[in-house]
Amino acid sequence: MKTTEDDDARWELMSLAQVDEELIVVARDKGDGRAVKRLLELYADPLCVDQTYQRTPLIWAAINGHIQAVEALLENVSSTSQRKMIDLNDRTGESALSWACKCGWTEIVKRLLTYSRSTTHVLNQGWSLHHACLGGHEEIVSSLLEMPWIDVNQEDKMYGSTSLH
């Protein structure tokens, strides 16, 4: 579903809070990269979260396989916001990267990894690889293993298991 001029006119009349909510909806449901870029131009906060799951637009776009929304979010914000977006976790403790690995979205994983120079969320280092292994996503596993910060022997905090079990 593409955005229209009517959408653009409606967005310009919204408050900042409404623009943030619209960014979540567009990233989650439509995945329209041009709409995401336009909402960011209207000062939508790329780090805003929904009330139910505490998910950012990047997490929603990663869950639903919306590569254009992922690209627009990563390419149209500052490098500081990029790092924060990539490192943020939702209410369940999952990041955009771990969700993309779990869902098997290879291109999204690769795109997120190009912006992930390192990671600060130790739990999700293991979970991303763990999700990719459990899902049988071999190309994602290969991409993750190329990252110097991925440790195949890292144990998850809850069960003590590793990606290789």
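Because the model is predicted, local features are reported where pLDDT is at least 70 and side-chain atom pairs count only at pLDDT 80 or more, while totals for chains, interfaces and linings use all residues. Residues are numbered from 1 along each chain as its sequence is written, and side-chain values use heavy atoms, with hydrogens and water left out.

Let me start with the core. A nonpolar core here is a set of buried Ala, Val, Leu, Ile, Met, Phe, Trp, Tyr and Cys residues joined through side-chain atoms within 4.5 Å, where buried means under 20% relative accessible area, exposed means over 50%, and partly exposed lies in between, with a 1.4 Å probe and protein chains only. The largest such core has 45 residues, and those touching the most other members are Val 36, Leu 58, Leu 97, Leu 112 and Leu 144. Its largest share, 6 residues, comes from H4; helices are DSSP runs of H or I, at least four residues, numbered from the N terminus. In soluble globular proteins, nonpolar side chains tend to be buried together.

If we take Leu 97 and set aside neighbours within four places in sequence, its contacts, meaning heavy atoms within 4.5 Å, are Val 109, Leu 112, Leu 113, Ser 128, Leu 144 and Trp 149.

Turning to helix H5, residues 67-75, the buried residues there are Ala 69, Val 70, Ala 72, Leu 73 and Leu 74, and what covers them includes H2, H3 (33-41), H4 (57-63), H6 (79-87) and H8 (106-115). In H2, which spans residues 16-30, we find Gln 18, and with 41% relative accessibility Gln 18 is partly exposed. Between Gln 18 and Ala 44 there are 8.6 Å in space, C-alpha to C-alpha, although they are 26 residues apart in sequence.

His 131 sits in helix H9, residues 122-134, and is buried, since its relative accessible area is 8%. Beyond residues up to four places away in sequence, His 131 touches Glu 94, Ser 98, Cys 101, Lys 102 and His 137.

That brings me to the cysteines. With a disulfide taken as a pair of cysteine sulfur atoms within 2.5 Å, the count comes to 0 disulfides. Cys 103 is in no disulfide, and the nearest cysteine sulfur, that of Cys 101, is 9.5 Å away. Cys 133 is likewise in no disulfide, with the sulfur of Cys 101 as the nearest cysteine sulfur, 9.5 Å away. Cys 103 is partly exposed at 31% relative accessible area, and Cys 133 is partly exposed at 28%.

Definitions and conventions
Helices (H or I, at least four residues) and strands (E, at least two) are DSSP runs, numbered from the N terminus.
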